[in-house]
Amino acid sequence: MLECILNWLFPDRCAGCRRLTGDLFCAACRARLRPYPPFAPPAGLDAAWVAFRYEGSLVAAIHQLKYGRRRRVAHVLGDLLAAAAGPLVADALIAVPLHADRLRERGFNQAAELAARLQRPGNPPLIDGLVRVRATHRQARLAAHDRAANVTGAFVWVGRSPPPPRLILIDDVLTTGATLAAGAAALRAAGAQSVTALALARSVIAKTSVQ
Ligand SMILES: [Zn+2]
């Protein structure tokens with residue numbers, strides 16, 4: 001109720017097109033989202049699935065979320081991811097963690113915010129236990145061949161018991177898949193059997209392999 005009144009007084013600006021639409025991601029921006037085509041999983045991942053092409057309004061919205069620290073944008077993007085993905089089959093969902101320094105800086109983990117929206121009846125539970133132990137350079141600033149080296153050994157499983165066998169690892173953007181593969185390596189080292197990557201978006205021109 002309070003949210004309705006506040007939104008009437010101060011309508012939300014769309015994170016995609018910046019218009020005062022009263023919606024965090026407006027109908028026009030939603031209509032322009034294009035599904036990401038199926039692709040072979042990057043090295044180190046058993047499967048990979050991406051909801052949308054990283055382009056246009058979605059790029060603007062993801063930037064608002066991560067660099068503009070507009071946390072609520074994750075709710076609408078997470079719901080779009082959930083709707084596009086449909087029912088998820090695995091034993092558990094895990095969000096790609098941020099390093100503690102980055103988490104302090106941003107105030108929240110965008111992957112965890114998206115993953116929280118996948119917590120719905122019929123989907124596997126979202127669990128903790130994977131941590132990022134090494135601060136890494138921002139992947140976006142690195143060339144493909146540097147990305148894998150940057151994140152190797154960056155993650156470790158600290159759960160009290162081994163992770164469940166089949167996992168879905170969630171991130172906002174999949175580019176080369178190096179970050180997700182490094183997370184998957186830590187999960188397998190702790191006993192996981194299969195790790196599927198699930199991401200909101202991927203650049204269409206991104207290479208499918210880091211080799
Ligand atoms: Zn819009």
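Modeller: Two strands pair if DSSP finds at least two bridges between them, where strands (E, at least two residues) and helices (H or I, at least four) are DSSP runs numbered from the N terminus. This is a predicted model, in which local features need pLDDT of at least 70 and side-chain atom pairs count only at pLDDT 80 or more, whereas totals for chains, interfaces and linings use all residues. Residues are numbered from 1 along each chain as its sequence is written, and side-chain values use heavy atoms, with hydrogens and water left out.

Biologist: What makes E5 and strand E6 a pair?

Modeller: E5 and strand E6 (residues 194–202) share seven bridges in the parallel sense, and therefore they also meet the pairing rule. Leu169 stands opposite Ala197 in E6.

Biologist: What kind of unit do E5, helix H8 and E6 make?

Modeller: E5, helix H8 (residues 178–189) and E6 make a right-handed β-α-β unit; the hand is assigned with the strands pointing away from the viewer, when the path from the first strand over the helix to the second runs clockwise.

Biologist: Why is strand E5 described as largely enclosed by the rest of the structure?

Modeller: Seven of the eight residues of E5 (residues 166–173) are buried, so the strand is largely enclosed. Buried means under 20% relative accessible area, exposed means over 50%, and partly exposed lies in between (1.4 Å probe, protein chains only). In strand E2, where Leu93 is placed, that residue has 0% relative accessibility and is therefore buried. The C-alpha atoms of Leu93 and Arg166, 73 residues apart along the chain, are separated by 9.0 Å.

Biologist: Is Thr176 buried or exposed, and how do you know?

Modeller: Thr176 lies in the loop between E5 and H8, and its relative accessibility of 6% falls under the cut-off, so Thr176 counts as buried. Its C-alpha atom is separated by 8.4 Å from that of Ala148, which is 28 residues away along the chain.

Biologist: Why is the contact between Asp91 and Arg166 called a salt bridge?

Modeller: A salt bridge is a side-chain nitrogen of Lys or Arg within 4 Å of a carboxyl oxygen of Asp or Glu, and the N-to-O distance of 3.1 Å between Asp91 and Arg166 therefore qualifies. Asp91 lies in the loop between H4 and E2 and Arg166 in strand E5, so the pair ties together parts that are 75 residues apart in sequence. Both residues are partly exposed, Asp91 with a relative accessible area of 27% and Arg166 with 37%.

Biologist: How many salt bridges does the rule give?

Modeller: The count comes to ten. One of them joins Arg71 and Glu113, whose closest N and O atoms are 2.8 Å apart. That pair links distant parts of the chain, with Arg71 in the loop between helix H3 (56–66) and helix H4 (73–85) and Glu113 in helix H6 (residues 110–116), 42 residues apart. Arg71 is partly exposed at 41% relative accessibility, whereas Glu113, at 14%, is buried. Elsewhere, Asp79, Arg117 and Arg120 are linked in a network of salt bridges.

Biologist: What separates Asp101 and Arg104 in helix H5?

Modeller: They are three residues apart in helix H5 (residues 100–106), which means a separation of about one helical turn. Asp101 and Arg104 form a salt bridge, with the closest N and O atoms 2.7 Å apart. At 41%, Asp101 is partly exposed, while Arg104, at 62%, is exposed.

Biologist: How many disulfides does the structure hold?

Modeller: The structure holds zero, a disulfide being a pair of cysteine sulfur atoms within 2.5 Å. Among the cysteines, Cys17 is partly exposed at 25%, whereas Cys26 is buried at 3%.

Biologist: Which residues form a nonpolar patch on the surface?

Modeller: Met1, Ile5, Trp8, Leu9 and Phe10 form the patch, with about 700 Å² of accessible area together, an area that comes from the Shrake-Rupley method with a 1.4 Å probe. Patch residues have over 30% relative accessible area and no salt bridge; like charges are joined within 9 Å, and nonpolar side chains (Val, Leu, Ile, Met, Phe, Trp, Tyr) within 5 Å. Leu9, placed in helix H1 (residues 2–9), has a relative accessible area of 47% and is therefore partly exposed, a value that also passes the patch cut-off of over 30%.
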